[in-house]
Amino acid sequence: MKKIGIIIGVVIFIFILLTYISVSSTEKESKTSIVLNIEDLKSMDFSRIDSVLIAPTTLYKANKLKTIMQGQQYRKVWSTPFQFPILQLDTLHGGAKILEEGGGKQTHSLKLETKDGYIFTLRSINKNPEPLVPKWAKTLGLENIIVDGISAQHPYAAIAVAKLAEKSNLLHTQPKAVFLPRQNALGTYNKDYGNKIYLLEHETDGGKNWTPFKQVKEIVDTEKLQESKMELGAMLKIDKSAFIRARLLDIVIGDWDRHSKQWGWVVIENETGHMAIPLAGDRDNAFFSIDGIIPSIISNKYILPDLQSFQEDIDYLPGLVMPIDIYFLKNTSRENFIKEADLLQNKLTDLAIEESFKAWPNSIFELDGEEIINSIKSRRDKLPQIANEFYEIIKDKDYLTEPLKGSEDLKLPSSLIRCFDCP
């Protein structure tokens, strides 16, 4: 027993030593938004050019040891040049003004309103993981494990996912990668937001109708949808079939972070009442890919069951079931789940999947495109089984006892906290 204890101690010591060597191999200063074809940003007249060649960041470059310990992820994609179109706010749909700053813990964003009433969001492609770093990690000098985790996100996932959603007859926010130069229209936001890269996409809340649907009353977030439910009662329903299909697509693309604040709803008014069509936003974690010793330990289903790597087989489906699934789908039949799985399977043909990735330039696709496509096809082939298990997990879950994320301040009746259409 003493020998075994010594061996275990040596193994732990070596693991800790290698971990510290790995995290210390990263540059202290991140190089982000590296412009490769412009010598001097300050003197450049961006009104005279239409695009710039930029590598998002070299922060995630790694030596062999770091790759073994912290994984390969999408490091090469982050440091590969991408041709970003120039965005001038004064020409976006006749001109756009800034409404407010926004974003979550990692993403900085600006909400814009155009002269013709459309609402857009600029979401930073480069992330700031600093708010996610726990105090203990800083104290132990291990914050790079958290910072480096961003390399598991594909910077251009949203662009391909939008095409997959389109093939699936689902709404998407029409994201486009852009470079936002410093400009008069940014005003006081120039310092923090100018000369950086973003995804420009339709907002999931508010503004003029840009969707293909007619008779659209409004585009709202989940919180506002719940407020409307208090007013309209049974006259307001959601399109459960579309939401099931949307959530199955989330599972097919490995997007594990789908809480209620990442959904908008396009509310249509007709002769029978109001129908809310789901609108998915924030695709930061689609195709999320983690490997390496440390990430594999952290993402274990017994530690963080929802943090799952995108691969051909789903590691742990219960970890992908969100409170929003229970809230909106608890009273839905198994047949509806299977029907939508069959429909999605038929729409996501091999050709449809492959065409969706033509939205990426060859330089990006050649790095991980084939592997991602193979994983999508593998999951698509198992959709009926996935849908059946998805249904069973939701059926066996209890109704909610706490408000959805973002709805904590609403004074909802207990029935509307439990689910959207509780019997």
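These legends walk you through several close-up views of one predicted model.

The model is predicted, so local features need pLDDT of at least 70 and side-chain atom pairs count only at pLDDT 80 or more, while totals for chains, interfaces and linings use all residues. Residues are numbered from 1 along each chain as its sequence is written, and side-chain values use heavy atoms, with hydrogens and water left out.

View 1. Helices (H or I, at least four residues) and strands (E, at least two) are DSSP runs, numbered from the N terminus. Of the 423 residues in the chain, 51% are buried. Here buried means under 20% relative accessible area, exposed means over 50%, and partly exposed lies in between (1.4 Å probe, protein chains only). Among the contacts with a separation of 6 or more, 71% join residues 24 or more positions apart; a contact means heavy atoms within 4.5 Å.

**View 2. Helix α9 against helix α12.** Welcome to the meeting of α9 (residues 240-252) and α12 (residues 334-347), whose axes are 9 Å apart at an angle of about 60°. Axes are lines fitted to C-alpha atoms, for helices over the stretch in contact, and angles run from 0 to 180 degrees between N-to-C directions. The two helices are therefore oblique to each other; angles under 35 degrees count as roughly parallel, over 145 as roughly antiparallel, 65 to 115 as roughly perpendicular and the rest as oblique. The crossing of α9 past α12 is right-handed, a term for a near helix turned clockwise from the far one by less than a right angle, with anticlockwise giving left-handed. On the α9 side, look for Ser 241, Ile 244, Arg 245, Leu 248 and Leu 249; they meet α12 residues including Phe 337, Ala 341 and Leu 344. By class, this contact of α9 with α12 has 7 nonpolar, 2 polar and 2 charged residues. Ala, Val, Leu, Ile, Met, Phe, Trp, Tyr, Cys and Pro count as nonpolar, Asp, Glu, Lys and Arg as charged, and the others, Gly among them, as polar.

**View 3. Two residues of helix α12, Lys 339 and Leu 343.** Lys 339 counts as exposed, at 56% relative accessibility. Its C-alpha atom is separated by 8.6 Å from that of Ser 241, 98 residues apart along the chain. Leu 343, at 30% relative accessibility, counts as partly exposed.

**View 4. Helix α12 beside helix α15.** The axes of α12 and α15 are 8 Å apart, at an angle of about 150°. These helices are therefore roughly antiparallel to each other, and α12 passes α15 in a right-handed crossing. Among the contact residues are Phe 337, Ile 338 and Ala 341 of α12, together with Leu 383, Phe 390 and Tyr 391 of α15. By class, the contact of α12 with α15 has 10 nonpolar, 2 polar and 3 charged residues.

**View 5. The disulfide between Cys 419 and Cys 422.** A disulfide is a covalent bond between the sulfur atoms of two cysteines. In the model, a disulfide is a pair of cysteine sulfur atoms within 2.5 Å, and the count comes to 1. The sulfur atoms of Cys 419 and Cys 422 are 2.0 Å apart. Cys 419 counts as buried at 1% relative accessibility, and Cys 422 counts as buried at 19%.
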